[in-house]
Amino acid sequence: MLFDTHAHYYDGRFDSDRDELLAALPQRGVGLVLCPGCDLPSSRACVELAERFPHVYAAVGVHPSDCAGWDEAMLAQVRALAAHPKVKAIGEIGLDYYWKENPPKEFQQNVFRQQLELARELRLPVIVHDREAHGDCLAVVKEYPDVTGVFHCYSGSAEMARELVELGWYLGFDGPITYKNARKAPEVLAAVPLERMLVETDSPYLTPEPFRGRRNDSGYVYRVAETIAQAKGITPEEVAEITTANGKKLFCID
Ligand SMILES: [Zn+2]
């Protein structure tokens with residue numbers, strides 16, 4: 001059984017078949033899904049999906065690309081949403097220096113810090129989005145040694161991966177590790193112990209090979225598990241078993 005620890009099922013690309021797709025996932029080998037929000041409406045939508053489907057859990061938070069309107073009131077609303085029993089993390093939060101139209105770096109860092117503080121207060125793990133901001137992301141999370149979680153869709157170096165593992169973090173892997181041009185992936189997969197790996201899809205984005213071009217969904221997460229299995233020289237079933245146990249442990253799911 002696989003646990004897709006990162007999928008955005010509120011996305012409009014699932015409007016035509018969301019309920020059937022989610023209901024059928026256990027038959028496709030995916031027994032658990034965690035749906036993280038990127039702003040308040042999507043965080044609310046994740047909680048609603050988690051209420052309707054027993055195998056779906058939620059994370060709530062404000063993504064760096066969506067944080068321009070961040071204020072005290074927004075923080076209060078994230079805190080209120082996080083009180084729901086099926087909310088298992090604060091996320092996705094972090095830093096994104098890729099998009100030039102994103103809020104200034106210092107503003108993003110401030111929003112990231114306030115949500116890390118919230119996670120510490122609520123004793124929840126966090127789901128970190130780090131795009132072209134590796135050094136600053138690492139520096140900010142190190143300010144909160146009692147908060148850990150997952151660096152989702154990990155794209156940093158093997159060296160940074162080792163450091164995160166040492167600090168108690170998990171690393172999430174997605175479709176890009178299946179791409180032929182994924183040069184860093186073998187080195188990173190070798191550096192991270194299986195006990196700290198999570199499998200993700202980031203649906204509807206990042207569809208793994210050989211399905212690139214299609215909309216992604218959790219049913220394709222087995223391709224990520226197969227790629228990790230190949231790198232580690234074990235079976236995909238072992239990867240599924242261990243990464244599912246990892247996800248349950250990190251997100252406190254029985
Ligand atoms: Zn995401």
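How many bridges join E3 to strand E4 (residues 87-96), and which way do the two run? The views below get to that, and keep in mind that this is a predicted model.

**View 1. Strand E3 and its neighbour E4.**
Three bridges join E3 to E4, and the two strands run parallel. Strands of a sheet pair through backbone hydrogen bonds, either parallel or antiparallel.

**View 2. Strand E3 under cover.**
E3 spans residues 56-60, and five of its five residues are buried. Look at where the side chains go: Val-56, Ala-58 and Val-60 point one way, while Tyr-57 and Ala-59 point the other way.

Strand E2 (residues 30-36) runs parallel to E3, and four bridges join the pair. One spot to look for is Val-33, whose bridge partner in E3 is Val-56.

**View 3. The whole sheet.**
Now let's step along the strands: eight of them form an open sheet in the order E1-E2-E3-E4-E5-E6-E7-E8, with parallel pairing. At the edges sit E1 (2-4) and E8 (197-199), each pairing on one side only. Neighbouring strands are turned against each other by 25° on average, ignoring direction.

Strand E7 (residues 170-173) and E8 run parallel, joined by three bridges. Here Phe-173 stands opposite Val-199 in E8. H2 packs on the sheet and touches E2, E3 and E4, its direction making about 160° with that of E3. Helix H8 (residues 221-232) also packs on the sheet, touching E1, E2, E7 and E8, and its direction makes about 145° with that of E8.

Which residues hold the protein donors of the zinc ion? They are His-6 (NE2), His-8 (NE2), Glu-92 (OE) and Asp-202 (OD), lying 2.1 to 2.4 Å from the ion. Along the sequence, these donor residues are spaced H-x1-H-x83-E-x109-D. The angles among the four donor atoms go from 81 to 173°, and the site is irregular.

Technical notes. Residues are numbered from 1 along each chain as its sequence is written. This is a predicted model: local features need pLDDT of at least 70, side-chain atom pairs count only at pLDDT 80 or more; totals for chains, interfaces and linings use all residues. Side-chain values use heavy atoms; hydrogens and water are left out. Donors are N, O and S atoms within 2.8 Å of the metal (3.2 Å for Na, K and Ca); water is not among the atoms, so sites may look incomplete. Four donors count as tetrahedral if all angles lie between 85 and 135 degrees; four count as square planar and six as octahedral if opposite donors are over 155 degrees apart and all others between 65 and 115; anything else is irregular. Buried means under 20% relative accessible area, exposed over 50%, partly exposed in between (1.4 Å probe, protein chains only). Two strands pair if DSSP finds at least two bridges between them. Axes are lines fitted to C-alpha atoms, for helices over the stretch in contact, and angles run from 0 to 180 degrees between N-to-C directions. Contact means heavy atoms within 4.5 Å.
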